[in-house]
Amino acid sequence: MDGEIAALPAERGPSAQAVTLTINGEPRPLRIEPRVSLLDALREHLGLTGSKKGCDQGTCGACTVWVDGRRALACLTLAVTCEGHEVTTIEGLSAGGELHPMQAAFIDKDAFQCGYCTPGQIMSAVALLDEGHAADDGQIREWMSGNICRCAAYPNIRAAIRAVRDAAGGE
Amino acid sequence: MIGKPLRRVEDLPLLLGTGRFAADISLPGQAHLRVVRSPVPHGMLRGVDGRKALSMPGVIGVWSAADLDLGPIGFRMVAFPGMLPYRQPVLAAERVRYVGEPVAIVLADDPYRAEDAADLVELDIESLPPVLDQLQEPAQFDDQNDTEALLHEDGYGDVGAAFAAAPHVVELTVTVGRHTGVPLECRGALADYRPGAGTLDFYGAAKVPHQNRLLLAGLLGLPPQLVVLREAHVGGGFGVRGEVYPEDVLVCWASRLLGRPVKWIEDRNEHLLAANHSRDQVHRIRAAVLADGYITAIDDEFWLDQGAYVRTHAAAVPTLTASMLPGPYQIPAYRVRGHVRLTNKTPAGTYRAPGRYEGTFARERLIDAVASSLGKPAMEIRLSNFISPDQMPYARPMSALGTDLEYDSGDYALLVGKAQARFGLAELEHGLAARRALGEAVGMGCAFFVEKSGLGPYEAVRISVDQSGHIDIITGAGSMGQGFETVITQICAQELGVRPETIRVLHGQTDQIEHAMGAFASRLTVMAGSATLIAAQALREKALAAAARMLEASPRDLELSDGAVRVAGDPDTGISLAQISEALRPDQAARWGLEPSLTADGWHTTDHMCYPYGLHIAVVRVDAGTGQVIAERLLVAYDVGRAVNPMLVEGQIVGGAAQGLGGALLEEFRYDDAGHPQCTTFMDYLLPTRAEMPPVDVLITEDAPSPRNPLGVKGAGEGGTTAMGAAIAAAIDAALGVPLGVKELPVHPEAALRLAKAARRESTSEPGGA
Ligand code: FES
Ligand code: FES
């Protein structure tokens, strides 16, 4: 998972800057300080509260989003570094009100309890399939290891990933 | 509908990212609160200087204890007057007692700025030596009190005589480390005091909103009806969330002071320092045993590290530890002494299976010790000491959470037999023995336990049907994300013969219903579930009475099914619940002599708890090189009386088992010698991840329904956790071939390596020994 703290563009100062982020396909202009994380930009400045904060330290995966289709921890990514990149959040996953197959599988397999880790788990799980990292249980274990679930719905999350993988493979 | 694995009704917002957790809620004009916390474990607070912070842009103000006119935070549960001096002040005044204790607050127009400014508040603290060990003799707490907040003594029978007469006495000392719930969502609170109206709305409530309303209203001097607590989505509770903490009081106080909304969102570092810790008990336990393995008495003394203050749970954990320790066994005589000792650590409270995880560890290790000293299998000792089904209901002359301790029903040996058959324990052990013979350190361990659930005294539910036939179920009991709404929906749908999609469950809003207890102690399905059934029955009666007028028939000839009332045997006469609701206008209802609205209330009250029980089995492997203990499989057999939704029961048990495993192998709040916490991030406080989570097989049985509620249910929230520590300990012993090797949880790799070394020494120096 991409988790490094992105370097600050040198020319920017500490005060609020105008930035335009592309979130779920839409340009979203905003004014933020360079130190604002992508997670806080989404949640506090753009009203997209679907991505969750479980630690703000890159250790739980609750904030997982995609930047240019690749998984990223939004709490460790500075929002200003996302200019010119496509950010996708849980809100952008179910286009047109249709549940994404992974969301449907999460219901079917009872893959969560409190649901707090769920947006991050789903963003990770969908990316996992795209990355080709869900071939077997060992891979799922390894490549989903950054997403903690305190309710420990792990076996059912794995079942949901398997179900989506197998359905896609069978087509 | 009841007994079916209905898919959860509460899922959709959580999947779409439209859930509303505390941090997701904002109000116009809100200010952000940041808490300034003590950086030292113990000291005299000489001064708080907020001048630098005040000069920062966006800062609204800095306040400390001297500005507050609030008393300490009171108790919600089992309390003894002697514990009053140990309550936590909202902000530390003269003394700080743990790292993380709130000392001052900063309010700003932005959370980043509040945090920056809080760093600039200067604290003048004169350090004092900390107390860090509950076994140390009590020290001075303040001028009048020492650090032993409570010595809880209980028991029954002639323990002295039993020990004097016993051919065998088995004794050991065991420890359960300091760990806690750690929900993935940190805490959060948003208070909105409206000047003029004089009302206070509080978002981010959980678990026990009605009780917390009383506590908060009392502290703030407001009438309870003007204080409204609102539960949002809750990202896990586990006993920790939803108590009244200093931060909850502070947002309310600040909102009233400023006349604007005030929001506080905890960060992870704060959570690990500020939310209740739990466990951390040392037990010195002994048993008087007859030659055949029958235990005639248990004598236990334990020391609980309460941390720096006694919080809302007061004596709940020590009293539960004491009363539930004898568990499934007869134990004709029992004596227990529990020392609740204050130290300079984060205060402790309840965590999933409070007191039972610790007490079960002590008792089941004792059973293993008895077995090894008599050279018998531990399961044989268990079976010969079990309370038998014909002794039920079984009263132990003690009390638990203010109720008489009387087990309602159970057939413990039957569950053991079923588990052995279903899980194939004999073959499993056979396979492990073969692996051991090849040099692998693998083993299986078992532990049996009794849980308690369904604590009274009451829970209330109101059901109302609107003119479209949509049904609202209102309860004050909270949801912690455990599938509560689904369970309540199932019970109501079954009784009224309606589709689950027509039902919505509203919970945890104090202005919607007058009375509620809340979501703790595995009580929801028992209490709110029973109240739902009772309310649905009343609603059915009312629908039949109104339909009788509409159809000009006798209510006796009518039946309710598929959401409509019909004359029995005449399918063409159906009147829908929607039509009945419409017809029950106040004027028409008055003509019919009925109360208006298709609405009914239901209450379930009880003086007793229900007692589910279970068997935990763990299979572990110890890595000879690193000492790492790998759980290969966990098996749980649990009698839940009756499972309203087996899928959800299983989810609860698997989640509980993972937390039991965390406490056995990974999770521990460590402090250095100076009292500084060492585990303040997820890098140091290790939660079970996918990597540590083994497959969990669950056997749910319904052999002992509870006679104490109309559904026959018992709670399932904690039964995955209770004996997992004890089972894993026994499995490690078996893997290493050291009887009673594990006396301390969590078992770190170094400890496992030490045990392995001891085992090797033992086998080389005393062939055939042990
Ligand atoms: S909030 Fe980003 S990893 Fe935890
Ligand atoms: S469902 Fe609660 S943390 Fe994963």
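A crossing of two helices is called left-handed if the near helix is turned anticlockwise from the far one by less than a right angle, and right-handed if clockwise. This is a predicted model, in which local features need pLDDT of at least 70 and side-chain atom pairs count only at pLDDT 80 or more, while totals for chains, interfaces and linings use all residues. Residues are numbered from 1 along each chain as its sequence is written, and chains are lettered from A and ligands numbered from 1 in the order in which they are written.

**View 1. Packing of α5(B) on α6(B).** Helix α5 (residues 209–220) of chain B packs against helix α6 (residues 246–258) of chain B at an angle of about 45°, the axes being 11 Å apart; helices are DSSP runs (H or I, at least four residues) numbered from the N terminus. The crossing of α5(B) over α6(B) is right-handed. L216(B), L219(B) and L220(B) of α5(B) meet D248(B), V249(B), C252(B), W253(B) and R256(B) of α6(B), where contact requires C-beta atoms, placed from the backbone, to lie within 7 Å.

**View 2. The side of chain A that touches chain B.** In this interface 36 residues of chain A are in contact with 42 residues of chain B. Helices α2 (101–108), α3 (118–131) and α5 (154–170) of chain A each supply at least two residues of that side of chain A, and the largest share, three residues, comes from α2(A).

**View 3. Domains 1 and 3 of chain B.** The C-alpha centres of these two domains of chain B lie 37 Å apart, with domain bounds taken from an automatic or database domain assignment. Nine residues of domain 1 of chain B are in contact with nine residues of domain 3 of chain B.

Terms used:
Axes fitted to C-alpha atoms, helices over the stretch in contact; angles between N-to-C directions. Contact = placed C-beta atoms within 7 Å.
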